[in-house]
Each structure stands twice: as C-alpha cells, then as structure tokens.
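Me: I want the labels on this model checked against their definitions. Let us take them in turn.

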Amino acid sequence: MQHTSFLDAVSVTKNYNDKKASGVNNISISIAPGKITAIVGESGSGKSTLLKLLFGLLSPDSGKVSFRGEEIWGPEIKLIPGHDDMRMVTQHTDDLNLFATVYENIAQLLPNTDIDYKASETERYLKQLNIYKLKDKRVADLSGGEKQRVAIARSLITKPEVLLLDEPFNQVDASFREGLQQNIRTIVQETGLTVILVSHDPAEVLSMADVLVVIKDGEIVESGTPEDLFRKPEMLYTAQLLSNRTVLNKEEALLCDIKTEKETVAISPEHVILTSSLTRKDWTVKQVLFKGFFEDVIIEKDGLELRALNLNKKEYKTGDKIHIRIAQFLEY
Ligand code: ADP
Ligand code: MG
C-alpha cells in the first residue's frame, strides 16, 4: 500500500533551556488521518510538548514536522501560531469571550457573508456538543466543563482538518464526559476529522482512541490499538498507565502461587478470582469497597495486599478467610 503522508514528525527534538531531560527527544510519529490518536504518558513525559510541535506552536530544535508533505512553520516565522488547518483545545479556555453568550462565542467564528449558513451551523454545533440549552447564557456564568464544550464547538465550526485536544475533559463532570467523548467520536466518523488527544485518563483513551501512543521521558516507547496495549503491553510502564494493576516482585508473586523467571509480575483486579477452598484459606478479606455494580475486595496474605474485582456483591465481608486464583498476569 502506498503511504501518503498526512501529519508527520521525523526525529523531532525539543528541549527547554538546553536540558535534555525536558521536552521531547528524537520523536518520529505518523498521525493517521480520520482517526483518533491518543498520546498517553505520566505527567511531565512530554505529551503537551509533542502536541505543540505537531500544531506548530513550538519549533523543534532538530528534526521536522510536516503536514501533507509541507514543513510546519513555527512561531518564529508564522504571525498567528498554529497551522491554519488545525485547532487546539486545552484545559485553559482563555480565548472565550466571557461577556458574550454561548451562541455569540461560537457564531463569531464564521463570517457574515452567509447569515443563514452561520445560524444553521452554529445551531448544529450547539446541538452536537449538547450546549443548545445554554445558548443564551453568558460564558462567564458557565461551569468549567460547559466552557470546555463551548471551546470545542468553536474549534469545530471552522472545520479544521485536525483537532488537537490537550486534556480537554478535565473539568467536565464524569457523567457528561462519556457523552462528550461519544460526540467527538461521532464527529470523527461523520466528517473524517483527525483528532490527536492527550490524556492521562485510561478510561478515556481506551474508549476513545483508535491508536494509542505511549510516551515516557520524552520518547515514544510503544504504540498500538487500545485493546492490544491494554491486554499485552510490552512495557510495565504502559501496563500501569492503562490499568490499576498491582505490581509484585518474584517473592510476592510466589504468595499468589505464581512462579516467574522474570523480575516483576502485574495483576489486574479483574484477574484476581476469589474462591472458597475447604483446604486453603490463606487470604483474609481486609475491606470491601462498594463501587456500584461491583465491589473492590481488598485481600491480604503475609503483608501483601491485592485488589480483586468482585461482581457477585455481598459475597464476602471483612475478616473472611478465602483462597484466590490468578486467572491472568503479565511478566516483566
Ligand atoms: P506533559 O504534558 O506530559 O505533562 P510537558 O510536555 O508539559 O509534559 O513537559 C515535558 C517536560 O518538559 C517536563 O519535564 C516539563 O517540566 C518540561 N517543560 C515543559 N514546558 C517547559 C517550559 N516552558 N520550560 C521549561 N521546561 C518545560
Ligand atoms: Mg501536559
């Protein structure tokens, strides 16, 4: 298959104050058009720096970023930073006009040459981002999450080719977050928009992204589909980013009847199966945490604590003696 380039970074390095431990080092990445690519990594790993380089908000010290084969101009050359065919939304929604209404904030991005189009497009994006009911409110009176929706609507109404999102859902209430993520997925499917999303929320990137790119200390360490990286991450770092796995050393693993040749074992709570054995009751239930449709059962043996996800609620109580089986684990 012939490869046509869309948005590419080749051996890109950007360090702050000449410190190699800052920014990103020697990153190469090809962003697939019409897909949602999520960049994940711990805080300070270089996610925002990479996003700004792809957008043209920062210039690389070395290497090259290009869009459709043309080099992206950085802020030293371009008067209004950022590529014209791209929009970026961050946690800061500074460019909103606080004293104008939601409607005005969105509509003002379109010219007055076609008033009907302007009105119908504004309504379309108000509805698509679920802020139609807020249209006559002043932005100053909105919650943080509502402001972020307005910021996203503003970015989308100009029909960019690429939307870059830097942890944009931070302030959105959990109950609305899923809806907003779904809205963006729908827009991507309907319009072919390309989205690059930076996030450290595993639930968010797993459900939203087509491709995951894992970044650590300014370098890309692995990439793949959310499913592959969740199930079989090559690196312990990725395993820990994408799930709240418990990490055990050799000796601790033995307590779970796991013999490993490697140094480390990682276990997901859903793979800790609580069983009732007549002969072996080697674990003690320390706590049962109600989580709605499931429980987190914290169990202990010889000072080692494990977390088990239990769907059969009220089966166990604090102090119960039980046995466990580890259905699956990862070795590193
Ligand atoms: P992330 O978005 O993953 O949290 P960043 O890209 O913001 O990471 O930062 C990567 C590294 O570069 C961090 O060590 C951070 O402290 C450093 N850094 C980021 N921006 C600046 C800056 N303007 N000046 C100096 N150091 C910076
Ligand atoms: Mg950041």
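Me: What makes N26 exposed rather than buried?
Reply: This is a predicted model, in which local features need pLDDT of at least 70, side-chain atom pairs count only at pLDDT 80 or more, and totals for chains, interfaces and linings use all residues. Residues are numbered from 1 along each chain as its sequence is written, chains are lettered from A and ligands numbered from 1 in the order in which they are written, and side-chain values use heavy atoms, with hydrogens and water left out. Buried means under 20% relative accessible area, exposed over 50%, and partly exposed in between (1.4 Å probe, protein chains only). N26 has a relative accessible area of 53%, so N26 is exposed.

Me: Where does N26 lie, and what is its phi?
Reply: N26 lies in strand β2 (residues 19–31). Strands (E, at least two residues) and helices (H or I, at least four) are DSSP runs, numbered from the N terminus. Its phi is positive, about 50°, although N26 is not a glycine.

Me: Why is K314 called exposed?
Reply: K314 has a relative accessible area of 76%, so K314 passes the cut-off for exposed. K314 lies in the loop between β16 (304–310) and β17 (321–326). K314 is not a glycine, yet has a positive phi of about 65°.

Me: How do you know that β15 and β16 pair?
Reply: Two strands pair if DSSP finds at least two bridges between them. Seven bridges join strand β15 (residues 295–301) to β16, so the two strands count as paired. They run antiparallel. One bridge sets D296 against L309 in β16. The two strands form a hairpin with two residues between them. In the turn, D302 has a positive phi of about 45°.

Me: Which residues make up the covered and uncovered faces of β16?
Reply: L304, L306, A308 and N310 form the covered face. E305, R307 and L309 form the uncovered one.

Me: What makes β11 an edge strand?
Reply: β11 (246–249) pairs on one side only, as does the other edge strand, β18 (330–331). The open sheet has three strands in the order β11-β12-β18, with antiparallel pairing. T246 stands opposite I267 in β12.

Me: What makes a nonpolar core, and which members of the largest one touch the most others?
Reply: A nonpolar core is a set of buried Ala, Val, Leu, Ile, Met, Phe, Trp, Tyr and Cys residues joined through side-chain atoms within 4.5 Å. The largest has 41 residues, and V102, I131, I152, L165, F169 and V195 touch the most other members. Helix α4 (residues 144–157) gives the largest share, six residues. A second, separate core of 26 residues includes L7, V65, M86 and V213.

Me: What is L165 in contact with, beyond its neighbours within four places in sequence?
Reply: Contact means heavy atoms within 4.5 Å. The partners of L165 include L51, V89, I152, I184 and V195.

Me: How many residues line the largest pocket, and of what kinds?
Reply: The lining has 20 residues, with F55, R87, M88, D95 and S155 nearest the centre. They divide into eight nonpolar, six polar and six charged. β6 gives the largest share, four residues.

Notes: On a 1 Å grid over the protein atoms alone, a cavity is a set of points where a 1.4 Å probe fits but cannot get out, and a pocket is an open set with protein on both sides within 12 Å along at least five of seven lines; lining residues have an atom within 4 Å of a point. Ala, Val, Leu, Ile, Met, Phe, Trp, Tyr, Cys and Pro count as nonpolar, Asp, Glu, Lys and Arg as charged, and the others, Gly among them, as polar.
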